[in-house]
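Please view the sequence and the structure together while reading.

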Amino acid sequence: MNNELQQVVNTCIALSEAGKKPSVGMLRAKLLSPLPIPAIIKGLSYWKENKATLKIQTVAEPTIPLNNASDSLVVRVTQLENEVVALRTALKTLQQHFEGEGS
């Protein structure tokens with residue numbers, strides 16, 4: 001899966017886990033970097049078809065050479081946002097596990 005598709009799928013998973021139904025407009029607003037609409041639609045379709053088996057995956061770092069400090073900050077923020085999404089997912093899974101034990 002390419003980075004664009006993975007970003008869309010990760011965002012769909014995060015939105016879904018937050019109780020929201022992902023849509024193209026919502027994804028455009030929540031994505032870490034702007035993506036073309038066809039890429040968003042493709043990712044949303046993929047998520048809908050596979051949502052039962054998908055988990056958030058870390059998106060590989062871009063291989064585009066960085067020209068200045070602001071570019072490197074954008075990349076770092078993107079990495080940290082991806083990590084936050086993954087950590088939230090793991091935390092939610094743990095909470096559900098422990099809530100299930102208490103019942």
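## Surface and burial

In this predicted model, the protein has an accessible surface of about 7,200 Å². Carbon and sulfur atoms account for 57% of that surface.

The protein has 103 residues, and 26% of them count as buried.

## Secondary structure and contacts along the chain

The protein contains four helices and zero strands. Followed along the sequence, these elements give the pattern α-α-α-α.

Contacts between residues at least 6 apart in sequence can be sorted by their separation. Of these contacts in the protein, 60% link residues that lie at least 24 apart.

## The pairing of helices α1 and α3

Helix α1 spans residues 3-17 and helix α3 spans residues 37-50. Their axes come within 8 Å of each other and cross at roughly 55°. The crossing of the two helices is right-handed.

Which residues bring α1 and α3 together? On the side of α1, the contact involves Glu4, Leu5, Val8, Val9, Cys12, Ile13 and Ser16. On the side of α3, they meet Ala39, Ile40, Lys42, Gly43, Leu44, Tyr46 and Trp47. By type, the residues of this contact comprise 10 nonpolar, two polar and two charged. Glu4 of α1 and Lys42 of α3 are among the residues in contact, and both Glu and Lys count as charged.

Methods. Residues numbered from 1 in each chain as written. Predicted model: local features only at pLDDT ≥ 70, side-chain atom pairs only at ≥ 80, totals over all residues. Heavy atoms only, no water. Buried < 20%, exposed > 50% of the residue type's maximum accessible area, 1.4 Å probe, protein only. Contact = heavy atoms within 4.5 Å. Areas by Shrake-Rupley, 256 points an atom, 1.4 Å probe, with all protein chains shown as cover. Axes fitted to C-alpha atoms, helices over the stretch in contact; angles between N-to-C directions. Left-handed = near helix turned anticlockwise from the far one by under 90°.
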